[in-house]
Amino acid sequence: MKVIIINGPNLNLLGTREKSIYGDESFEGYLEKLKSNFPNIELTYYQSNIEGELINKLHEVGFDFDGIIFNGGGYTHTSVAISDAIAAINTPVVEVHISNIHAREEFRHLSLITKECAGMITGFGLKGYEMAMGYLTSDS
């Protein structure tokens, strides 16, 4: 089984930015733990701060991977193009947000991509990625 985690803008700064919201662990450090929890899954990671690169990656993997975990960062609330890219692919996408987007500024309450995703996990910190893996690797 092949799963990819795709993170959007500013998520390359996890562990150093806004620690009160996002915690103090880098994503790369967390990814190693996640891989050890799912040793039988081919788990890859991609991060970009550029909308078009995220769309290109969705197109690239969206027909031959078994699952995508996607955190669009700020593009979640603004990108019709990313929503359209998710709608255009066959691979199921689970939307993940580290913080609870519904408990933050009002403009963050709307996700333009949720309707194209299998579901959304929000507010559980980095644990949300593990929850998404659990969904993608379950038989249900």
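Residues are numbered from 1 along each chain as its sequence is written, and side-chain values use heavy atoms, with hydrogens and water left out. Because the model is predicted, local features need pLDDT of at least 70 and side-chain atom pairs count only at pLDDT 80 or more, whereas totals for chains, interfaces and linings use all residues.

Rings of Phe, Tyr and Trp (its six-membered ring) are paired if their centres lie within 6.5 Å, with planes under 30 degrees apart counted as stacked, over 60 as edge-to-face and the rest as tilted. By this rule there are four aromatic pairs. One of them, formed by phenylalanine 27 and tyrosine 30, is tilted, at 5.9 Å centre to centre and 55° between the planes. Phenylalanine 27 also forms an edge-to-face pair with tyrosine 129, at 4.9 Å centre to centre and 65° between the planes. Phe27, Tyr30, Tyr45 and Tyr129 form one aromatic cluster.

A charge counts as sitting over a ring if NZ of Lys or CZ of Arg is within 6 Å of the ring centre and within 35 degrees of the ring normal. Lysine 2 lies over the face of phenylalanine 65, at 4.6 Å from the ring centre, and lysine 57 lies over the face of tyrosine 46, at 4.8 Å from the ring centre.
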